[in-house]
Amino acid sequence: MSSNAPGATNPMLYDPIPEGQGSTTKRNQFIAALGICMAAVSGGTALAWTSPVLAQLVPNNATAAEERIAREEARDSFELTADEGSWVGAFLAVGAFCGALPAGYLAEKIGRKYTTMSLAVPYLISWALIIFASNAAMLYAGRIVIGIATGASCVVAPMFVSEIAETSIRGALGAFFQLHLTVGILFVYAVGSYTHWVTLSILCAIFPVLLIVAMFIVPESPVFLVKKGRRIDAGVALKWFWGPNADTQSALQTIQSDLDAASGDAKLSDLFTNATNRAALFISLLLMFFQQFSGINAVIFYTAPIFQSAGSSMDPAICSIVVGVVQVVMTLASSVLIDKAGRRILLLQSSFIMGSCLIVLGVFFKLQNDKVDVSNLGWLPLASVVLFIVSFSLGFGPIPWMMMGELCAPDIKGLASALAVMFNWALVFLVTKSFGSMQELLGSDWTFWFFGAWMIVCTVYVFIKVPETKGKTNAQIQAILGGKK
């Protein structure tokens, strides 16, 4: 399962505070990001929920007709057909697609703080629908509502984090959203494998409650406050985020200058008629495309069979937990490396290594399908899937979401980010629903090779077109996109 669901509406990129004009503390920035990203943990639990739950709700050894008859004969037994189960998984992407655009609008109208806090409401409503579900329709409704909250989280939470972060830690905090998505996924893998699905759903509802509590503590975004003419409140918020000794006047002036440079509310046509805006949008969209066509869902779907092919007798639930732990640890490593190594190099290693792993997996399944003895190669697919997940977590997991917030100018950032998030979730739906058909039509080998080919294209594209944004201000990034050195 791809945990990719992150976006950013109108974050400002700041120059570091000039030497000798005040010092900052980063503690509260990390605390705030942790609280805001309770929305990401909530989204992660929503993403991973189907993995252990559908194993409980969809019988393995019955046809759809037999399942339907069994349910009619025992109405107290709540089960799903395989087709119903697939829709339970896919409806989250439908809801997320619908939730992205309104989230950007709300963030501009009522603020980042209250929009983020309000996301707890659809999360809690959805978990209530799921907990008390007695049929597939209630599960569908719950998954659509939780999808709306997840899609909105992908826009608002990364935007909020990017607007409170200093340039020196912007990359680290920018990776927080993806990190906390993986934490939510790991929670579901670890707990859901050993508890009833209703109990799991009740426990997942804890995180939206924590989001509400956290957002009572965190101040409003200084960028939003300046936009609304509340400069004194913005200064107070900056003191909370950056420490009492920070030179807030310089920071506020930088925010005001960036806002003044913007042309106001953007129109859809502005994304295409302006060459710089067009470059930022296309790069954002293509990074989202390559993220989903990396084959992350295919690899995670095949994790248990790959472990078994390697001769492991490990429980599939343990396999999922191992994958979850690897994702969390390596995404945490990415948050450290992003501001040191830079974005481009992490994207390049990610696409190249993932493509190589996918080709190797395709070769392995081709040999297996051709009845070739691969017993002495059992370590190869196991090493490939672990390396693939490590590489994804270091690069194409967190970075497309973060760069979406870095590439766009302030006036078009809200609209461009919402479009990128909607595009991402449309791809999630497409890949999730078509994966089974691809397997049947192409076979496992060609399915992996299909995604591997896209990673080869991706590597070339990133090398030629994607700029480095590490340590650069919004003005510098716009100049690069406009072709200036």
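**Overall picture**

The model is predicted. The protein chain has 25 helices and zero strands. Of its 485 residues, 56% are buried. Contacts between residues at least 6 apart in sequence can be sorted by how far apart the partners are along the chain, and 83% of them join residues at least 24 apart.

Two packed helices are described by the angle between their axes and the distance between the axes.

| Helix pair | Angle between axes | Distance between axes |
|---|---|---|
| Helix 7 (residues 120-131) and helix 11 (residues 197-204) | about 165 degrees | 9 Å |
| Helix 21 and helix 22 (residues 379-394) | roughly 155 degrees | within 8 Å |
| Helix 17 (residues 275-292) and helix 23 | about 175 degrees | 9 Å |

**Helix 7 and helix 11**

Helix 7 and helix 11 pack at an angle of about 165 degrees. That makes helix 7 roughly antiparallel to helix 11. The crossing of helix 7 and helix 11 is left-handed. On the side of helix 7, the residues that meet the partner are W127, I130 and I131, and on the side of helix 11 they are W197, V198, S201, I202 and C204. By class, this contact of helix 7 with helix 11 has seven nonpolar residues, one polar residue and no charged residues.

S201 belongs to helix 11. Is S201 buried or exposed? Its relative accessible area is 0%, so S201 counts as buried. Apart from neighbours within four places in sequence, S201 is in contact with W49, W127, I130 and I131. W127, I130 and I131 are the residues of helix 7 that meet helix 11.

A serine of helix 7 can be described in a like way. S126 lies in helix 7, and S126 counts as buried because its relative accessibility is 0%. With neighbours within four places in sequence left aside, the contacts of S126 are G142, V145 and I146.

Helix 21 (residues 343-369) has 27 residues, which at 1.5 Å a residue should span 39 Å.

The axes of helix 21 and helix 22 cross at roughly 155 degrees. An angle over 145 degrees counts as roughly antiparallel, and helix 21 and helix 22 are therefore roughly antiparallel to each other. Their crossing is left-handed. Helix 21 contributes L346, Q349, S350, I353, M354, C357, L358, V360, L361 and F364 to the contact, while helix 22 contributes L380, P381, S384, L387, F388, S391, F392 and L394. Sorted by class, the residues in the contact of helix 21 with helix 22 are 14 nonpolar, four polar and no charged.

Which residue just after helix 21 takes a positive phi? The residue is K371, with a phi of about 65 degrees. Most residues other than glycine have a negative phi. K371 has its positive phi although it is not a glycine. K371 is placed in the loop between helix 21 and helix 22. Its relative accessible area is 74%, so K371 is exposed.

**Helix 17 and helix 23**

Helix 17 and helix 23 pack at about 175 degrees and are therefore roughly antiparallel to each other. A280, I283, S284, L287, M288 and Q291 of helix 17 meet P400, W401, M403, M404 and L407 of helix 23. The contact of helix 17 with helix 23 has nine nonpolar, two polar and no charged residues by class.

How many of the nine residues of helix 23 (residues 399-407) are buried? Nine of the nine are buried, so helix 23 is largely enclosed by the rest of the structure. The buried residues of helix 23 include the charged residue E406, as well as W401 and G405.

**A glycine in helix 24**

G452 is found in helix 24 (residues 410-465). With a relative accessible area of 0%, G452 is buried. Not counting residues up to four places away in sequence, G452 touches G355 and L358. L358 is also one of the residues by which helix 21 contacts helix 22. G452 and S294 are 158 residues apart along the chain, and their C-alpha atoms are separated by 7.1 Å.

Methods. Residues are numbered from 1 along each chain as its sequence is written. This is a predicted model: local features need pLDDT of at least 70, side-chain atom pairs count only at pLDDT 80 or more; totals for chains, interfaces and linings use all residues. Side-chain values use heavy atoms; hydrogens and water are left out. Axes are lines fitted to C-alpha atoms, for helices over the stretch in contact, and angles run from 0 to 180 degrees between N-to-C directions. Helices (H or I, at least four residues) and strands (E, at least two) are DSSP runs, numbered from the N terminus. Angles under 35 degrees count as roughly parallel, over 145 as roughly antiparallel, 65 to 115 as roughly perpendicular and the rest as oblique. A crossing is left-handed if the near helix is turned anticlockwise from the far one by less than a right angle, and right-handed if clockwise. Contact means heavy atoms within 4.5 Å. The expected span of a helix is 1.5 Å times one less than its number of residues. Buried means under 20% relative accessible area, exposed over 50%, partly exposed in between (1.4 Å probe, protein chains only).
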